[in-house]
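Trainee: I should like to learn how to read the side-chain features of a model. May we proceed feature by feature?

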Amino acid sequence: MSRLNIRRRVIVPALLVLVGLSAASVASAHEDEPGGRVPLPNMKTYRGDKCVEPESVMRRRHFEFILHERNLTMHEGIRTKKFSLKNCVDCHANPKTNSVLGKDGFCASCHEYAAVDIDCFSCHSDKPEKKNAAGTAINPHDSKVITTSEEKR
């Protein structure tokens, strides 16, 4: 057997086995970590018993619902509550931070996990709506009381 044949029959398979073992070793090193090497997003709900749609539907299609709601509201003047971003924030805002943004924020952590930018909160509030004793909404950013006519805008 020539030296070239020895290399082909012994060394190449041995190298393939080593590469395979190395890959398995790296993969198993992260098996004990939930979610593997990437931390899982915070999926906690702090208010309400259930969402307006099943969780699997909301994960895959929430952006479609929000866009549809935006178009109805902005272009046709129809404002419904089922897919209201405000209602999402009310249920998913972390009580410690009072927000859906930040390191463990519901929206921020999931968008970071999926590597998708959030542009909702450049216009909308990331904080739940607060109400005064009379049940009137208070703007979370400046504690201004929002009157009914301002809410319709």
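Trainee: With which residue does lysine 127 form a salt bridge, and how far apart are the closest N and O atoms?

Mentor: Side chains of opposite charge can pair when their charged atoms come close. The criterion for a salt bridge is a side-chain nitrogen of Lys or Arg within 4 Å of a carboxyl oxygen of Asp or Glu. Here the partner of lysine 127 is aspartate 126, with the closest N and O atoms 3.7 Å apart. Before going further, please note that this is a predicted model, in which local features need pLDDT of at least 70 and side-chain atom pairs count only at pLDDT 80 or more, whereas totals for chains, interfaces and linings use all residues. Residues are numbered from 1 along each chain as its sequence is written, and side-chain values use heavy atoms, with hydrogens and water left out.

Trainee: Are lysine 127 and aspartate 126 buried, or are they exposed or partly exposed?

Mentor: Buried means under 20% relative accessible area, exposed means over 50%, and partly exposed lies in between (1.4 Å probe, protein chains only). Lysine 127 is partly exposed at 26%, while aspartate 126 is buried at 12%.

Trainee: How many salt bridges does a search of the whole structure find?

Mentor: The search finds six. One of them joins glutamate 64 to arginine 61, at 2.9 Å from N to O. Both residues lie in helix H2, three residues apart, which is about one turn of the helix. Helices (H or I, at least four residues) and strands (E, at least two) are DSSP runs, numbered from the N terminus. Glutamate 64 is partly exposed, at 33% relative accessible area, and arginine 61 is likewise partly exposed, at 38%.

Trainee: Which parts of the chain does the salt bridge between lysine 86 and glutamate 129 tie together?

Mentor: The closest N and O atoms of lysine 86 and glutamate 129 are 3.3 Å apart. Lysine 86 belongs to helix H3 and glutamate 129 to the loop between H4 and strand S1 (130-131), so this pair ties together parts that are 43 residues apart in sequence. Lysine 86 is partly exposed at 39%, and glutamate 129 is partly exposed at 22%.

Trainee: How many aromatic pairs does the structure hold?

Mentor: A pair of aromatic rings is described by the distance of the centres and the angle of the planes. Rings of Phe, Tyr and Trp (its six-membered ring) pair if their centres lie within 6.5 Å; planes under 30 degrees apart count as stacked, over 60 as edge-to-face and the rest as tilted. The structure holds one such pair. The ring centres of phenylalanine 65 and phenylalanine 83 are 4.2 Å apart and the planes stand at 15 degrees, so the pair is stacked. Phenylalanine 65 sits in helix H2 (residues 55-76) and phenylalanine 83 in the loop between H2 and helix H3 (85-92), 18 residues apart. Phenylalanine 65 is buried at 10% relative accessible area, as is phenylalanine 83 at 14%.

Trainee: Where in the chain is confidence lowest, and where is it highest?

Mentor: Where pLDDT is low, the predicted coordinates should not be read in detail. The pLDDT is the predictor's confidence in each residue, from 0 to 100. The chain averages 80, and 79% of the residues score at least 70. Confidence is lowest in helix H5 (residues 148-152), at a mean of 48, and highest in H4, at 92.
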